[in-house]
Amino acid sequence: GLLTAGAAYVLLFVGSSVAGLLCLEMTHNAVTAAERTTVTSTSSLSLQAGGILANLTLGTLAVQAGVAAAWGLSAAVVLASALLFVRMPVTGSSRAPGPAARAGSG
């Protein structure tokens with residue numbers, strides 16, 4: 001049981017790290033350099049507010065409705081927030097285009 005819980009813990013944080021890196025990369029590419037500081041600050045504030053809200057509500061929910069209900073609500077919130085990236089604009093990419101392919105032979 002302890003080994004399974006440890007493996008699940010490591011898997012959770014590895015998955016969160018990969019998702020966080022992808023989120024940061026998408027955000028970095030979607031905004032201009034002038035907007036980047038504001039977007040980063042807004043992201044940090046929303047993360048902290050979400051942490052406070054989760055700490056105040058999920059423990060109470062787990063006690064009253066069970067741990068499965070708290071995990072289910074957490075999963076629904078994460079899925080809903082991930083769907084916000086579908087609407088993220090593609091413009092404003094800071095990456096330079098790669099070299100053009102050469103036509104013909106030789």
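**Helices and surface of the predicted chain**

Of the 106 residues of the protein chain, 5% count as buried (under 20% relative accessible area; exposed means over 50%, and partly exposed lies in between, with a 1.4 Å probe and protein chains only). The model is predicted, so local features need pLDDT of at least 70 and side-chain atom pairs count only at pLDDT 80 or more, whereas totals for chains, interfaces and linings use all residues. Residues are numbered from 1 along each chain as its sequence is written, and side-chain values use heavy atoms, with hydrogens and water left out.

The chain holds 3 helices and 0 strands (DSSP runs numbered from the N terminus: helices are H or I with at least four residues, strands E with at least two). From the N terminus, the order is α-α-α.

Helix H2 covers residues 33-65. Its 33 residues should span 48 Å at 1.5 Å a residue (the expected span is 1.5 Å times one less than the number of residues). The end C-alpha atoms lie 45 Å apart, which agrees. H2 has a kink of about 30 degrees, centred on Ala 54 (the bend is the angle between axes fitted to the seven residues ending at a residue and the seven starting there).

The protein chain exposes about 8700 Å² (Shrake-Rupley method, 1.4 Å probe; for residues, only the protein chains shown count as cover). Carbon and sulfur atoms supply 72% of that area. A nonpolar patch of about 930 Å² includes Tyr 9, Phe 13 and Trp 71 (patch residues have over 30% relative accessible area and no salt bridge; nonpolar side chains, namely Val, Leu, Ile, Met, Phe, Trp and Tyr, are joined within 5 Å, like charges within 9 Å; a salt bridge is a side-chain nitrogen of Lys or Arg within 4 Å of a carboxyl oxygen of Asp or Glu). H1 (2-30) and H3 (67-83) each supply at least two patch residues. H1 gives the most, with 7.

Trp 71 lies in H3. Trp 71 is exposed, at 56% relative accessible area. Thr 27, in H1, is buried at 18%.
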